[in-house]
Amino acid sequence: MTTPEHQFDFWLGDWNATWDGGEGTNHVVMAFDGKVVQENFNAPDLIGMSVSCYDPERKLWCQTWVDNNGSYLDFTGGFENGKMILTRDAIVKGESCKQRMVWYNIAPNEFDWNWERSDDGGKSWQVKWQIKYTRQ
(Lines give C-alpha, C1' and ligand atoms only; values in the text may rest on other atoms or scores of the structure.)
Protein backbone atom coordinates (compact mmCIF):
# COMPACT_ATOMS: atom_id res chain seq x y z
CA MET A 1 0.00 0.00 0.00
CA THR A 2 1.18 3.50 -0.81
CA THR A 3 2.20 5.63 2.15
CA PRO A 4 0.15 8.82 2.59
CA GLU A 5 3.05 11.01 1.42
CA HIS A 6 2.97 9.25 -1.98
CA GLN A 7 -0.78 9.17 -2.59
CA PHE A 8 -0.51 11.93 -5.21
CA ASP A 9 2.33 10.22 -7.13
CA PHE A 10 -0.18 9.09 -9.81
CA TRP A 11 -0.58 12.77 -10.77
CA LEU A 12 3.11 13.43 -11.48
CA GLY A 13 3.98 14.00 -15.13
CA ASP A 14 2.77 15.82 -18.21
CA TRP A 15 -0.91 15.59 -19.06
CA ASN A 16 -3.37 16.54 -21.77
CA ALA A 17 -6.64 17.70 -20.24
CA THR A 18 -9.90 17.67 -22.23
CA TRP A 19 -13.43 18.66 -21.28
CA ASP A 20 -16.66 19.59 -22.99
CA GLY A 21 -15.72 22.74 -24.89
CA GLY A 22 -12.04 22.93 -24.02
CA GLU A 23 -8.59 21.51 -23.61
CA GLY A 24 -5.38 22.30 -21.83
CA THR A 25 -2.21 20.83 -20.40
CA ASN A 26 -0.98 20.13 -16.91
CA HIS A 27 2.64 19.73 -15.79
CA VAL A 28 2.89 18.19 -12.30
CA VAL A 29 6.22 17.70 -10.51
CA MET A 30 7.57 16.80 -7.09
CA ALA A 31 9.36 19.80 -5.53
CA PHE A 32 11.03 20.86 -2.30
CA ASP A 33 12.94 17.66 -1.57
CA GLY A 34 9.98 15.48 -2.51
CA LYS A 35 7.60 17.05 -0.01
CA VAL A 36 5.46 19.23 -2.32
CA VAL A 37 3.46 18.37 -5.44
CA GLN A 38 3.49 21.39 -7.76
CA GLU A 39 0.90 21.69 -10.54
CA ASN A 40 1.09 24.06 -13.52
CA PHE A 41 -2.19 24.14 -15.47
CA ASN A 42 -2.45 25.92 -18.82
CA ALA A 43 -5.59 26.41 -20.94
CA PRO A 44 -6.64 29.24 -23.27
CA ASP A 45 -8.71 31.03 -20.61
CA LEU A 46 -7.19 29.65 -17.42
CA ILE A 47 -3.58 29.58 -16.22
CA GLY A 48 -3.07 28.35 -12.70
CA MET A 49 -0.84 26.55 -10.28
CA SER A 50 -1.25 24.61 -7.10
CA VAL A 51 0.99 23.29 -4.38
CA SER A 52 -0.02 20.25 -2.36
CA CYS A 53 1.61 18.60 0.61
CA TYR A 54 0.75 15.93 3.12
CA ASP A 55 0.37 17.14 6.71
CA PRO A 56 1.35 14.19 8.93
CA GLU A 57 0.10 15.92 12.10
CA ARG A 58 -3.46 16.19 10.77
CA LYS A 59 -3.13 13.14 8.49
CA LEU A 60 -4.50 14.96 5.45
CA TRP A 61 -3.50 16.58 2.20
CA CYS A 62 -3.51 20.38 1.90
CA GLN A 63 -3.63 22.17 -1.45
CA THR A 64 -3.52 25.84 -2.40
CA TRP A 65 -4.55 26.94 -5.90
CA VAL A 66 -3.98 30.37 -7.52
CA ASP A 67 -4.73 31.47 -11.08
CA ASN A 68 -4.91 34.29 -13.61
CA ASN A 69 -8.46 35.15 -12.47
CA GLY A 70 -7.10 36.14 -9.07
CA SER A 71 -8.50 33.02 -7.41
CA TYR A 72 -7.04 31.71 -4.18
CA LEU A 73 -8.52 28.39 -3.11
CA ASP A 74 -7.49 26.18 -0.21
CA PHE A 75 -8.45 22.52 0.12
CA THR A 76 -7.90 19.62 2.50
CA GLY A 77 -8.68 15.96 2.22
CA GLY A 78 -7.27 12.61 1.36
CA PHE A 79 -7.30 9.39 -0.57
CA GLU A 80 -10.25 7.09 0.08
CA ASN A 81 -11.87 4.22 -1.83
CA GLY A 82 -9.57 4.71 -4.82
CA LYS A 83 -10.28 8.45 -5.10
CA MET A 84 -8.37 11.54 -4.04
CA ILE A 85 -10.94 13.99 -2.63
CA LEU A 86 -10.06 17.52 -1.51
CA THR A 87 -12.81 19.77 -0.10
CA ARG A 88 -13.25 23.38 1.00
CA ASP A 89 -15.90 25.65 2.47
CA ALA A 90 -16.60 28.52 0.09
CA ILE A 91 -18.71 31.58 -0.56
CA VAL A 92 -19.79 31.93 -4.19
CA LYS A 93 -21.78 35.02 -5.20
CA GLY A 94 -22.64 35.63 -1.55
CA GLU A 95 -23.84 32.06 -0.89
CA SER A 96 -22.12 29.55 1.38
CA CYS A 97 -21.39 26.18 -0.18
CA LYS A 98 -18.86 23.38 -0.24
CA GLN A 99 -16.58 22.72 -3.19
CA ARG A 100 -14.49 19.69 -3.90
CA MET A 101 -12.15 18.17 -6.41
CA VAL A 102 -12.25 14.43 -7.06
CA TRP A 103 -9.55 12.45 -8.90
CA TYR A 104 -10.94 9.02 -9.83
CA ASN A 105 -10.72 6.16 -12.37
CA ILE A 106 -6.99 6.42 -11.69
CA ALA A 107 -4.81 4.36 -14.04
CA PRO A 108 -1.12 4.71 -14.99
CA ASN A 109 -1.79 6.84 -18.08
CA GLU A 110 -5.20 8.40 -17.44
CA PHE A 111 -7.66 9.54 -14.80
CA ASP A 112 -10.82 11.59 -14.46
CA TRP A 113 -11.22 14.77 -12.41
CA ASN A 114 -14.37 16.54 -11.22
CA TRP A 115 -15.01 19.99 -9.81
CA GLU A 116 -18.13 19.66 -7.66
CA ARG A 117 -20.38 21.85 -5.50
CA SER A 118 -22.70 21.07 -2.60
CA ASP A 119 -25.39 23.42 -1.33
CA ASP A 120 -26.57 21.08 1.45
CA GLY A 121 -23.44 20.75 3.56
CA GLY A 122 -21.96 17.88 1.56
CA LYS A 123 -24.97 15.54 1.52
CA SER A 124 -25.23 15.76 -2.27
CA TRP A 125 -22.85 17.03 -4.95
CA GLN A 126 -23.32 18.50 -8.42
CA VAL A 127 -20.56 18.11 -11.03
CA LYS A 128 -19.69 21.57 -12.40
CA TRP A 129 -16.63 20.67 -14.49
CA GLN A 130 -15.33 17.28 -15.58
CA ILE A 131 -11.87 16.76 -17.10
CA LYS A 132 -10.37 13.66 -18.72
CA TYR A 133 -6.60 13.47 -18.23
CA THR A 134 -4.34 11.43 -20.51
CA ARG A 135 -0.58 11.21 -20.10
CA GLN A 136 1.45 12.93 -22.83
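A residue is called buried here if its relative accessible area is under 20%, exposed if over 50%, and partly exposed in between (1.4 Å probe, protein chains only). The model is a predicted one, so local features need pLDDT of at least 70 and side-chain atom pairs count only at pLDDT 80 or more, while totals for chains, interfaces and linings use all residues. Residues are numbered from 1 along each chain as its sequence is written, and side-chain values use heavy atoms, with hydrogens and water left out.

Start with the cysteines. The whole structure turns up 0 disulfides (pairs of cysteine sulfur atoms within 2.5 Å). C53, in no disulfide, has its nearest cysteine sulfur in C62, 5.6 Å away; at 32% relative accessibility, C53 counts as partly exposed. C97 is buried, at 7% relative accessible area, and its sulfur lies 20 Å from the closest cysteine sulfur, that of C62, which is too far for a bond.

Pairing takes at least two DSSP bridges between two strands. Strands β6 (residues 72-80) and β7 (residues 83-92) pair in the antiparallel sense over 5 bridges, with M84 of β7 as the bridge partner of F79.

Strand β9 (residues 110-118) holds D112, which counts as buried at 11% relative accessibility. The D112 side chain makes a polar contact of 3.5 Å with that of K132 (N or O atoms within 3.5 Å; within protein, one must be able to donate a hydrogen and the other to accept it, and residues adjacent in sequence count only if both atoms are side-chain atoms).

Methods: Helix = DSSP H or I, 4+ residues; strand = E, 2+ residues; numbered from the N terminus.
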